[in-house]
Amino acid sequence: MAVAVAQLEQIAQKPIAVYRFVLENGLTFYLSPNKAKPEVYTAIAVRAGSKMDPPDKTGLAHYLEHLLFKGTDRFGTIDYEKERPYLEQIKELYEQYNQTKDEEERKNIYRQIDALAQEAAKYAIPNEYDRLMSLLGATGTNAFTSVEQTVYINTIPSNQLERWMAIEAERFRNPVLARLFHVELETVYEEKNMDLDSDASQLYHEVLRKVFKKHPYGQQTTIGEVEHLKNPSIKRIEEFYKTYYVPNNMAVILCGDLDLQKTLTWAKRYFSSWEPGVVPEWQPPKEPPIKKRETVVVYGVQPEMLYMVYRLPADPKLLPYLVMTTWLLKNGTAGLIDLNILQQQKASDVSVWYSDRADYYLLNLWAEPIVSLETLEKLLVEQIEKIKKGDFDEALLEGCKRNFLLQETKDLLKNEERALRIAMLFTTHRQWTDYLQLREAIQHITKEALVKFAKKYLKHYVVGYKKKGERKIPKVPKPPITPIKVNRDVVSSFYKTIENMKVEPLKPYFIDYQTAIQKVTLDNGVPCYFYPNEENDLFHFSLVIPKGAWHDKAWKAALNFLPYVHTTKYSLEEIKKQLFILGCSFHVHVAELETEIVLSGPWESFKEGLSFLLHILQQAEVEETLLQGYIERILKERSDAQKDPYELLRAMVYYARFGEDNPYRFRLDEGTLRQWSAQVVRQYIRSVLRYPYECYLYAPTSEEKVKDLLKSLPYEHDLKEEEFHRFVYQLPAQRRCFFLHYPEKAQVFLMWVKNDTFYHRTLLPAATLFNYYFGIGMSALVFQEIREARALAYNTYAVFQIPTYQWQRCHFQSFVATQNDKVLEAITTMEQLLSSLPQSEKALASAKENIKNAYASLRYVREQVLSRYRRLRKLGEQEEIHAYVLEQLPSLDFAAVKDFYSKHVQDASAFTLLIVGDRNQIPLGELSKHLGVSIEELSIEQLFP
């Protein structure tokens, strides 16, 4: 029976339309139409976060999130009736495992679990949910768990909405949580290891443990405690599911290209059969007041950090003041912290955010210091005190209000932002009307009221210091797991049902850039590429200068100083405040061969904002003291990068691809940097507009008006495009292995890198299909074999990447982050995949369908159109290359993928294997023997200038 649109409750029309509909079983639907793209962002939100975890079994909510991808009695299985007896035995054995203390007996029980899992896996179809999503052309398939909520997300083509509803209704109907349980448990172990490896995570946990001495917000982590992860209970997880995963505790949120009538019809058809339940009332523990400054100290090898937290009651009347406090403190331009700490080079970064949780609110300040931690804490407190004393301009407060609304307008253009806002409101028992009231209340805040709020609620806090030192990282042990068989070429009857559902084809649409973008040559010769904004009153303007980081070692550092310059007419503080009051912002991005300076904001401020930006570029002055602080910050950031395992791996990739003379090292050394003068930097910045630049404008105006709007742009053109440094690609005749020692690391990072041929569009169809089939996404072979079959990693992928410019080489890379005691097995498994391509016609067909549906709904909108046009021009393309891929896709078969694989991937002798880990925990000698090559240990000096 169809559901009439009249049954919808429209709960908002501005700034966006939001509708609500509640089924008889209590399941709430939120719908927000947005016709910008033929896609829908989907979110299924459950009021089931880690605060609901029992204290003796933390991590249940998060682990359940993982298990909701394993299927039901209708999908994810070949024959559930034959699979079920094994799963029931596994469930009982885990209860015995839980109660057993004797280690030998526990090992014996686990061997039984592993053996039964092999039998059960004969009937399982790993990741069939992800294969179903691939069938739809979904992207961003994922989920996340936090303290209040668990949310399951996708972006799907709009013509696939009914299929999606059919799948999700089945997914949550009767999930089989014991399926592949022990393999997924290992994946959670790996996620826990990532958390344990992070000094920042440990600082965060320890500070909140002090802030909340009773509440699960501080006393429990979302991933769970190591001891609890080592002793899982499927029965307890099932109880958690039955308690909280009921329709009256869940919401389905759909934002995008929606037909309201059809959406409601399908909602009732597929979700009405869910049975409601009684959800326990949550009674939060009451925390004692924080009556004094409290401290925490955490040690680790990573850079120093500081984390401060003020705790407030969860009173909605306080929220507008808390929001404005964060904006006054830091807004990226003229906040108190922006002006008094960041611009004065006292910290390399400061983040300020509020947490509006259901039970308590938090004001969070996170900082990476240049000065001492103690000094930085004092400076942060001084900014809080300024608010309490009213020591800030009322104009700054008004600017915060205006920019808050401006940022909200930008955010709500995105389906994801809409959906996740609604999800947070729902899971914290609020409504969209509460968000609208917040926006309204912020506009009526007075300086006097804000000062009163700060005095009352921002008194005492907890501060944590992360200092340099050794930290003993607890180890999550690796249980013996026999790799399961991956049933790639079978599908469930449910899959076939979804596959056979009638879907109205979505016609691909690709912009004709030659007609959509107007090239306007200004009277002074400046070329401007214009794309009209017909959606709102915002603009996005770019100056693109043909000089980048590969032209001059000093260029990037000099141009990045632009946000800190003043002029003879305006002080630095005046520049920041003026831009902020206008609602404008600018940023600089220095790429390989070009520099982009972007100005954005409300259209009414365009002329004044552009005039201001040009004045800064032409009249820039550099204060020597500020420059020296900036140099110290650069050097500290370089030092910090040497303690960041991800940054170290990034440096190693450049080393593997280009040798010691590589783009990562192409920058000024410390000695040269310290000799920099204000005059040198001033000359660099003032030279920007003297190069033959071009500009790009996305704005609510017409082509006819562009010349007049941009007539103030100067064009001296007395500096020519320069030759850039040519880096030499490494094409080794035999395989290599580089190792970098990183002490006390629970995980080891592995990456295989290989340079390949130069870019040509004929590579794209087979490369795209290969990527989807082999290494991108959870249904790809790499994920299936390394994570699903063997539980060797939480994060793994493989991808053939095209370069930025036509004349550059493509390259292939694959990645695994694994436990130290799994490193040999992880390397063996990945190298088997790199030397012999498994064939699965079903997986190949799924990959082709994924590309076809995803590309059919792909649209570049707003300023993305101009960015995409620039990207294509760099590749020497005039038309959208996705159209070419789609055109060629039907003719591609496994032979084409295998041919691409054999030409561009399979040659193991051309790979360089990179390893980042603790030499004391990795069997390097055994690895060297296994690989058949000597392992060369790199030094920091080889990676950093």
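Trainee: Which residue forms a salt bridge with Arg 402?

Mentor: Let's start there, keeping in mind that this is a predicted model. The closest N and O atoms of the pair are 2.5 Å apart. The partner of Arg 402 is Glu 604.

Trainee: And how many residues apart are Arg 402 and Glu 604?

Mentor: Arg 402 sits in helix 15 (residues 394-411). Glu 604 lies in the loop between strand 17 (595-602) and helix 23 (606-619). The pair thus links distant parts of the chain, at a separation of 202 residues.

Trainee: Where is Arg 236, the residue paired with Asp 56?

Mentor: The side chains of Asp 56 and Arg 236 meet in a salt bridge at 3.0 Å, N to O. Asp 56 belongs to the loop between strand 4 and helix 1, 180 residues away from its partner. Arg 236 is found in helix 10 (residues 234-244).

Trainee: How exposed is Arg 236, as a relative accessible area?

Mentor: Asp 56 is partly exposed, because its relative accessible area is 44%. Arg 236 is partly exposed as well, with a relative accessible area of 26%.

Trainee: Which residues are linked with Lys 70 in a network of salt bridges?

Mentor: Side chains of opposite charge can pair when their charged atoms come close. In this network, Lys 70 is joined by Glu 184, Arg 787 and Glu 788.

Trainee: Last one, on helix 12 and helix 17: how many residues of their contact are nonpolar?

Mentor: Helix 12 (residues 319-329) and helix 17 (residues 432-443) pack at about 65°, with axes 9 Å apart, and their crossing is right-handed. Helix 12 contributes Leu 319, Pro 320, Val 323 and Met 324, and helix 17 contributes Leu 438, Ala 441 and Ile 442. No polar and no charged residues take part, and the nonpolar ones number seven.

Notes. Residues are numbered from 1 along each chain as its sequence is written. This is a predicted model: local features need pLDDT of at least 70, side-chain atom pairs count only at pLDDT 80 or more; totals for chains, interfaces and linings use all residues. Side-chain values use heavy atoms; hydrogens and water are left out. A salt bridge is a side-chain nitrogen of Lys or Arg within 4 Å of a carboxyl oxygen of Asp or Glu. Helices (H or I, at least four residues) and strands (E, at least two) are DSSP runs, numbered from the N terminus. Buried means under 20% relative accessible area, exposed over 50%, partly exposed in between (1.4 Å probe, protein chains only). Axes are lines fitted to C-alpha atoms, for helices over the stretch in contact, and angles run from 0 to 180 degrees between N-to-C directions. A crossing is left-handed if the near helix is turned anticlockwise from the far one by less than a right angle, and right-handed if clockwise. Contact means heavy atoms within 4.5 Å. Ala, Val, Leu, Ile, Met, Phe, Trp, Tyr, Cys and Pro count as nonpolar, Asp, Glu, Lys and Arg as charged, and the others, Gly among them, as polar.
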